[in-house]
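Subject: Structure handover

Hello,

Here is the structure I promised to pass on. Please have a look, then read the notes below.

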Amino acid sequence: MKDREEFEQNQCSPPDSPTKRKVTFADHLGQSLCSIKTITPNSSVEDLSPRRPENINFLHCDFQQPSSLKDFKDRLSEQNVCLENLAFSGFAVTGTVIVKNICFSKDVTVRYSMDKWKTYKDVWADYVNQLEGGLEDRFQFRIYLLHNIDAGSELEFAVRFRAGRLEFWDNNNRKNYRVVCREPVVIKSPGKG
């Protein structure tokens, strides 16, 4: 028993050395705890360096934000579900959805396709909060796209809301919601060729 205590004490006590060691973590210095690098199949040094924003394609909504439309509340009343807003962070598409609180158990999913509906995937939306005194609920979803998608590529999606045995869809009045990947626009300054 005594030998074990001595062993544990020796293992946990600092070495008898004049040099003291100190550990400092990046977050204590106000720095980020992670650094993200995009690695491509062609593993050259240039590929690991950050790309300049003017060389990166970007995503664009091919529709007006639904919550800014005059008929938003009417559409929500008719459909019981309506996309509220969509935002982009790089190639992540984040959206909020409003649903009528017609029962306690709710499933909100977004069905999307990148190949004109030859194939599709469903992503779950997470509950965020209650609205309108409990008459509506807000959900949020996120779709991650590949960073190397080509300009001209399209993401189409629709929102599905299941409440008990009932199912409702918001498909942008049968047009689906579309997000388009566009090439960056390079604006040349006057006088330069």
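Helices (H or I, at least four residues) and strands (E, at least two) are DSSP runs, numbered from the N terminus. This is a predicted model: local features need pLDDT of at least 70, side-chain atom pairs count only at pLDDT 80 or more, and totals for chains, interfaces and linings use all residues. Residues are numbered from 1 along each chain as its sequence is written, and side-chain values use heavy atoms, with hydrogens and water left out.

Start with E84. It sits in strand 2, which covers residues 81-89. E84 has a relative accessible area of 12%, so it is buried (under 20% is buried, over 50% exposed, in between partly exposed; 1.4 Å probe, protein chains only). Leaving aside residues up to four places away in sequence, E84 touches Q65, P66, S67, F72, T96, V97, I98 and R138. Contact here means heavy atoms within 4.5 Å.

Next, the sheet around it. Strands of a sheet pair through backbone hydrogen bonds, either parallel or antiparallel. Two strands count as paired if DSSP finds at least two bridges between them. Four strands make an open sheet here, ordered 2-3-7-6, with antiparallel pairing. Strand 2 and strand 6 (126-131) are the edges, and each pairs on one side only. From one strand to the next, the twist averages 25°. Strand 2 pairs with strand 3 (residues 92-100) over eight bridges, in the antiparallel sense. In that pairing, L83 stands opposite V97 of strand 3. Helix 3 (residues 72-79) packs on the sheet and touches strand 2, strand 3 and strand 7 (136-144). The direction of helix 3 makes about 120° with that of strand 2. For such angles, axes are lines fitted to C-alpha atoms, for helices over the stretch in contact, and values run from 0 to 180 degrees between N-to-C directions.

Now the aromatics. Rings of Phe, Tyr and Trp (its six-membered ring) pair if their centres lie within 6.5 Å; planes under 30 degrees apart are stacked, over 60 edge-to-face, the rest tilted. The whole structure holds six aromatic pairs. F63 and F157 have ring centres 6.4 Å apart and planes at 75°, so this pair is edge-to-face. F63 lies in the loop between strand 1 (58-61) and helix 3, and F157 in strand 8 (residues 154-163), so the pair ties together parts 94 residues apart in sequence. F157 is buried at 0% relative accessibility. F157 also pairs with Y177, stacked, at 5.3 Å centre to centre and 25° between the planes. F63, F141, F157 and Y177 form one aromatic cluster.

Best wishes
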